[in-house]
Protein chains: 2
Amino acid sequence: MSVVYGRVALIGLGLIASSMAWGMRRAGLAEEIVGTARSAQTRETAREIGLCDRVVDTAAEAVKDADLVVLAVPVGVMGAVAEEIGPHLKQGATVSDVGSVKRAVIAAVGPHIPDGVNFIPAHPLAGTEHSGPRSGFAELFDNRFCLLVPAENSDRQAVDRLRAYWEGLGANVEEMDADHHDLVLAVTSHAPHLIAYTMVGVADDLRRVTDSEVIKYSAAGFRDFTRIAASDPTMWRDVFLTNKDATLEILGRFTEELFALQRAIRTGDGDMLFDYFTRTRAIRRSIIDAGQDTDAPDFGRSKVHP
Amino acid sequence: MSVVYGRVALIGLGLIASSMAWGMRRAGLAEEIVGTARSAQTRETAREIGLCDRVVDTAAEAVKDADLVVLAVPVGVMGAVAEEIGPHLKQGATVSDVGSVKRAVIAAVGPHIPDGVNFIPAHPLAGTEHSGPRSGFAELFDNRFCLLVPAENSDRQAVDRLRAYWEGLGANVEEMDADHHDLVLAVTSHAPHLIAYTMVGVADDLRRVTDSEVIKYSAAGFRDFTRIAASDPTMWRDVFLTNKDATLEILGRFTEELFALQRAIRTGDGDMLFDYFTRTRAIRRSIIDAGQDTDAPDFGRSKVHP
């Protein structure tokens, strides 16, 4: 692997950015990694663990002379960060992000990107329920998808370079338009997360079943929901607020379908339930066949940092 | 470990029974394991892999002289199996089961148990998404809970013996009454399963996002739902039909809560979302502290048979 960008600036040093830092080092993708975070404590931790070549105090300082700038902050603050860095970006640089929604990020960030700078939104589909600068590991993106969302007038060379960078981090790269991205993610990620949060909240609220019972007996299915529902609250608040339309559309479909299954339970329609469950089982098989999970019990996350 | 029951009869040879067979051998809990299954192919497989000391063709034959009889068939057919074996049970024997609901099993099986035989329902909280006689492994119950649901007039010695047996299989044993069991499981297992089935069904139905996209991008949260939604269709149909009231009650609460979160998304109430997600994250931490999952990426299932 060889250097793709001379200097890379990471704005925000959470799970994704810290995994990118370790991944860049593993593959030698950058000559210099500069990082910054809003919290002094995060910057201190990053220095302590040697996450970047340099950790600086402001985003404006971090982007100076950077060839690639990655916005790795919650979606809700990307606009403000873009406004801060806009005047300090190098001509010919590429600005990208790792946000879970794309339409809202483009609307918030786009206007602050000066002429002569390439803005190419991206979204790596990888994560764990952990957060912060210590949670990163180089293997996070291995064999996971990274979706690039270039605009129609994006510079092709700049897009290909960002693609090479993400491939260097181990990801399979695909391109998609912003609206479709937001709908696909509403189905595969945003709605499932909201549903898991809801179920865990219900269990916590129910007074006739104690919290300690819920916790003790969680192995029976509930446990997987709690992992999903343990993801970073700030990030997820912003996801739902900024991918409102697609998420609400999918939740509407979900409720409709849930009511149909509830009705089948109430009326004792065993055939309907059996057929439904047989169909969903086949989907699981397809996912294993597609290599996005394994039959093994580690949920395909065998490369997670110890 | 020493022998707890002389002869154990397993009626049904799926994931749970086959794991019990391997577990009994690991710990030397039985002198002889006799198994049977309704399907000739299942019996053939069981013979092929040496699952039991003897595999016989009928349940009536299997229970002959057995000290412990375990009903490990779908909840919907337990009544019929109990009726078949009732006249062949040995005086002093214990009949138990491994069904995921308890009130309906007691109603269906209880009337067929003759005087002088102990009926002590049980429910091991363990499983994988796999099924059939080849899916079992000795470690399935290690450090998992097994709930015993004795009647008020159950023979205390017989209950303690069944407890020793499940402890020998590696489980932590607790006692609970049937109604409470069914409510606890509706929260920790039945409702989460139905919700996962529903979400996977919605994704499959949505025409603007292709199945192949859903499958490719499933790592983003959806993947964990598909594992839950891949569980045995017959078993789950019977669970929902026989634990109807508690499941519908929890789903009602779930819908109410989901609507409140949808409303927060629609109105842009970020504080409500943030507080909710912070609370659910704390529950995850409690589960890890309780030893029912680990921070490691294998979902605490590290002992699964290769």
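Which side chains meet in a salt bridge at 4.0 Å, N to O? In this predicted model, the pair consists of A:R281 and B:D232, whose side chains are joined in this way across the two chains. Across the interface of chain B and chain A, the rule finds 12 salt bridges.

The contact between the chains involves 101 residues of chain B and 101 residues of chain A. The size of an interface is often given as the accessible area lost when the parts come together. For chain B and chain A, the buried area is about 9,900 Å², and carbon and sulfur atoms give 69% of that area.

Within chain B, helix 7 (residues 178-205) and helix 11 (residues 244-267) pack with their axes coming within 9 Å and crossing at roughly 65°. The crossing of helix 7 of chain B past helix 11 of chain B is right-handed. Helix 7 of chain B contributes B:D182, B:L183, B:A186, B:V187, B:H190, B:A191, B:L194 and B:I195 to this contact, and these meet B:A246, B:T247, B:E249, B:I250, B:L251 and B:F254 in helix 11 of chain B. By class, the contact of the two helices of chain B comprises 10 nonpolar, 2 polar and 2 charged residues.

Terms used
Residues are numbered from 1 along each chain as its sequence is written. Chains are lettered from A and ligands numbered from 1 in the order in which they are written. This is a predicted model: local features need pLDDT of at least 70, side-chain atom pairs count only at pLDDT 80 or more; totals for chains, interfaces and linings use all residues. Side-chain values use heavy atoms; hydrogens and water are left out. Axes are lines fitted to C-alpha atoms, for helices over the stretch in contact, and angles run from 0 to 180 degrees between N-to-C directions. Helices (H or I, at least four residues) and strands (E, at least two) are DSSP runs, numbered from the N terminus. A crossing is left-handed if the near helix is turned anticlockwise from the far one by less than a right angle, and right-handed if clockwise. Contact means heavy atoms within 4.5 Å. Ala, Val, Leu, Ile, Met, Phe, Trp, Tyr, Cys and Pro count as nonpolar, Asp, Glu, Lys and Arg as charged, and the others, Gly among them, as polar. Buried area is the accessible area (1.4 Å probe) that two parts lose on being put together, summed over both.
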